[in-house]
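Hi everyone, thanks for coming. Please have a look at the screen while I get set up, and then we will walk through this together.

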Amino acid sequence: MMTKKTVPTTLMPHGGVRRHGAAIFDDAPHDPYQVRGKYAEPTTCADCRAIYVRGRWRWGEAPAEAHEALCPACHRIRDRLPAGEVRLVSTFVDAHRDELVALALNEEAREKSEHALHRIMGIDQGPGRMTVTTTDIHLPRRIAEAVAHAYQGEFVLEYAKNEYGLRAEWRR
Ligand SMILES: [Zn+2]
């Protein structure tokens, strides 16, 4: 069961977005892949080399004595179980694929530098559409907002009820 939330882009001036998002995420269910106390400190991820220190995953140099494990994002990637996705649906997509992919990757790079576990898992292309899957529920919203900001159109956010998941869909 998904809860649907339409966000007309005309009602989202740039400064208002963060507060709006924070209100939603306060109620968001916890990611089951991020279990408290699961990792010893320090731990480094065997796949992406992120390090777990002071209770969170971040980028940096792993100490020599670090334990080794799989971080929650790499665990999801191995399980092929995205937490979020953003679908771009429009004939506009066919003519602007490279720009849209670049924009999604740019948003990922910015998000990932601050939040090591927020990443793109895959980009699936089809006629008139593009689907970007992610390891977290923040990046789909961020990409949808960036696409709407750059190319107009409207997007809808569907938060999974009682579980950690978000599907965003942009159309124009
Ligand atoms: Zn990892």
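Let me start with a question: which residues do ring pairs link into a cluster? Here they are: Y39, Y52 and W57. Before we go on, some housekeeping: what you see is a predicted model, where local features need pLDDT of at least 70 and side-chain atom pairs count only at pLDDT 80 or more, while totals for chains, interfaces and linings use all residues. Residues are numbered from 1 along each chain as its sequence is written, and side-chain values use heavy atoms, with hydrogens and water left out.

Back to the rings. A pair of aromatic rings is described by the distance of the centres and the angle of the planes. The rule takes rings of Phe, Tyr and Trp (for Trp, its six-membered ring) and pairs them if their centres lie within 6.5 Å; planes under 30 degrees apart are stacked, over 60 edge-to-face, and the rest tilted. The count by this rule is five aromatic pairs. One of the pairs is Y39 with Y52, which is tilted, at 5.3 Å centre to centre and 45 degrees between the planes. Y39 sits in the loop between α1 (17-26) and β2 (43-45), and Y52 in strand β3 (residues 51-53), so to speak 13 residues apart. Those labels come from DSSP runs, numbered from the N terminus: helices are H or I with at least four residues, strands are E with at least two.

Are these two tyrosines buried or exposed? Y39 is buried at 11% relative accessibility, and Y52 is buried too, at 9%. Buried here means under 20% relative accessible area, exposed means over 50%, and partly exposed is in between, using a 1.4 Å probe and protein chains only.

Now a second pair: F92 and Y151 are also tilted, with 5.0 Å between centres and 55 degrees between planes. F92 is in helix α3 and Y151 in helix α5, so this pair ties together parts that are 59 residues apart in sequence. F92 is buried at 11%, and Y151 at 15%.

Next, the metal. Which residues coordinate the zinc ion? They are C45, C48, C71 and C74, each through its SG atom, at 2.2 to 2.3 Å. To count as donors, N, O and S atoms must lie within 2.8 Å of the metal (3.2 Å for Na, K and Ca), and sites may look incomplete because water is not among the atoms. Along the chain, the donors have the spacing C-x2-C-x22-C-x2-C. The angles among the four donor atoms are 106 to 114 degrees, and the site is tetrahedral, a label that four donors get if all angles lie between 85 and 135 degrees. For comparison, the ideal angle for four tetrahedral donors is 109.5 degrees. Of the cysteines, C71 is buried at 0% and C74 is buried at 6%.

On to the sheet. Four strands form an open sheet in the order β4-β3-β2-β5, with mixed pairing; strands pair if DSSP finds at least two bridges between them. β4 (56-58) and β5 (67-69) are at the edges with a single partner strand each, so one side of each has no neighbour in the sheet. Strands β2 and β3 run antiparallel and are joined by two bridges.

What about the nonpolar cores? A nonpolar core is a set of buried Ala, Val, Leu, Ile, Met, Phe, Trp, Tyr and Cys residues joined through side-chain atoms within 4.5 Å. The largest one has 27 residues, and V86, L88, L100, I143, V147, Y151 and W170 have the most contacts inside it. Helix α5 gives the most to this core, with seven residues. Apart from it lies another core of 10 residues, among them Y39, A50, Y52 and C71.

Finally, some backbone details. Most residues other than glycine have a negative phi, and most peptide bonds are trans. E41 and P42, however, are joined by a cis peptide bond, with omega about -5 degrees. R54 has a positive phi of about 50 degrees although it is not a glycine; R54 lies in the loop between β3 and β4 and is exposed at 67%.

Key. Four donors count as tetrahedral if all angles lie between 85 and 135 degrees; four count as square planar and six as octahedral if opposite donors are over 155 degrees apart and all others between 65 and 115; anything else is irregular.
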